[in-house]
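Here are my notes on this model, point by point. Please read them with the structure open.

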Amino acid sequence: MTRPRQLADAPTLTATVPRQLVHRAAVAETLLTGWRRTAADRFTVSAQWPRAHGLHVSPDWTAYDPLLVVESVRQAGTLLAHTEYEVPLDHQFVLQEFQVDTRVGGLAVGALPAEPEIEVAFTDVALRGRRLTSARYTARVLRDGGQVAFADVVFTSVGPSVYRRLRGGRTPHSVTVPPVPPGLPPATVERPLPTDVVLAATGRPDRWRLRVDTAHPVFFDHPLDHVPGMLLLEAARQAARLHSPAGRAPVAYHARFHQYAELDEPLWIDIKGDDATGLQVVGTQGESTFFECLVGTATS
């Protein structure tokens, strides 16, 4: 008689965290698989990176894009704010600063999906009662025990009524998005698909119009009333690709978000400087600067 297989013989099973905890609608865009507290305000978050992500893997599937690190770290902070600092699920996060540096060669795609660990430390935590209202956190991203990236993030959390006041009544359904202008050739920004190009030519080599396609399944995983930060960082990445010498690729971003980038007015992406510290990318709308990003490049 064959004995039933014991539970101890079963392989370890892995699933993603609930998608709502990282503000994603698609399970496919949920990168995190778990977390644990290691000390006061210290946590380890586990992730899995797909070998053929719809956007953040090189066209030849040999390297993860540093922006996949950014999204993983963003999701880690959101997850922990909800689960460990009692931020309700209907609250919004307002990103103020995001700095990330990645190690050249540390993001190669292997024979299996990468399973990095993200060591997160929260500092400068402001609480209202037991609920977090603002914080800074740092993140060490490890693969096989070695550090491949480091990030530093500052954000605030606001409730629905405060968010409605901040947005002046704007909702995903009340704003009208202008037609999307034709994009640059995908190969010039190292994206395989025309739909992944976020810059449109203006006739100037250092200025582009931002292409805002609210049907994009990664940038607009769910309806939004403003341009998401990941789209702005992708614009900085593509601008750096266009402005950097051949053989150099973006590996670091130091971004500051000054105000919301609105969906219903043209947005412009400019190169304002290029020196030993990196490439300065600035986003403007009307007379206002909504975004600044110093992009560091290295020989790939």
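1. In which sense do β4 and β5 pair, and over how many bridges? The pairing is antiparallel and runs over ten bridges. Two strands count as paired if DSSP finds at least two bridges between them. Helices (H or I, at least four residues) and strands (E, at least two) are DSSP runs, numbered from the N terminus.

2. A word on provenance. This is a predicted model: local features need pLDDT of at least 70, side-chain atom pairs count only at pLDDT 80 or more, and totals for chains, interfaces and linings use all residues. Residues are numbered from 1 along each chain as its sequence is written, and side-chain values use heavy atoms, with hydrogens and water left out.

3. The sheet is open and has twelve strands, with antiparallel pairing. Its order is β1-β2-β4-β5-β6-β3-β9-β12-β11-β10-β8-β7. β1 (32-39) and β7 (199-201) are the edge strands, each pairing on one side only. From one strand to the next, the twist averages 30°. Helix α3 packs on this sheet and touches β7, β8, β9 (248-257), β10 (268-275), β11 (278-285) and β12 (288-299). Contact here means heavy atoms within 4.5 Å. The direction of α3 makes about 140° with that of β9. Axes are lines fitted to C-alpha atoms, for helices over the stretch in contact, and angles run from 0 to 180 degrees between N-to-C directions.

4. Look next at the partners of β4. Strand β2 (residues 42-47) runs antiparallel to β4 (residues 117-128), and five bridges join them. R42 stands opposite A121; F43 stands opposite V120. On the β5 side, T123 has R136 as its bridge partner. β4 and β5 form a hairpin with two residues between them. In that turn, G129 has a positive phi of about 70°.

5. Aromatic pairs number nine in the structure. Rings of Phe, Tyr and Trp (its six-membered ring) pair if their centres lie within 6.5 Å; planes under 30 degrees apart count as stacked, over 60 as edge-to-face and the rest as tilted. The ring centres of Y137 and F155 are 6.0 Å apart and the planes stand at 70°, so this pair is edge-to-face. Y137 lies in β5 (residues 131-143) and F155 in β6 (residues 146-158), so the pair ties together parts that are 18 residues apart in sequence. Y137 is buried at 2% relative accessible area, and F155 is buried at 4%. Buried means under 20% relative accessible area, exposed over 50%, partly exposed in between (1.4 Å probe, protein chains only).

6. D221 deserves a check. This residue sits in the loop between β8 (207-210) and α3 (229-243) and is buried, at 12% relative accessibility. The D221 side chain reaches the backbone nitrogen of A26 at 3.0 Å. A polar contact of 3.2 Å also joins the side chains of D221 and H222. Such a contact is a pair of N or O atoms within 3.5 Å; within protein, one must be able to donate a hydrogen and the other to accept it, and residues adjacent in sequence count only if both atoms are side-chain atoms. Leaving aside neighbours within four places in sequence, D221 has contacts including H23, R24 and H216.

7. G110 lies between β3 (92-102) and β4 and is partly exposed, at 31%.
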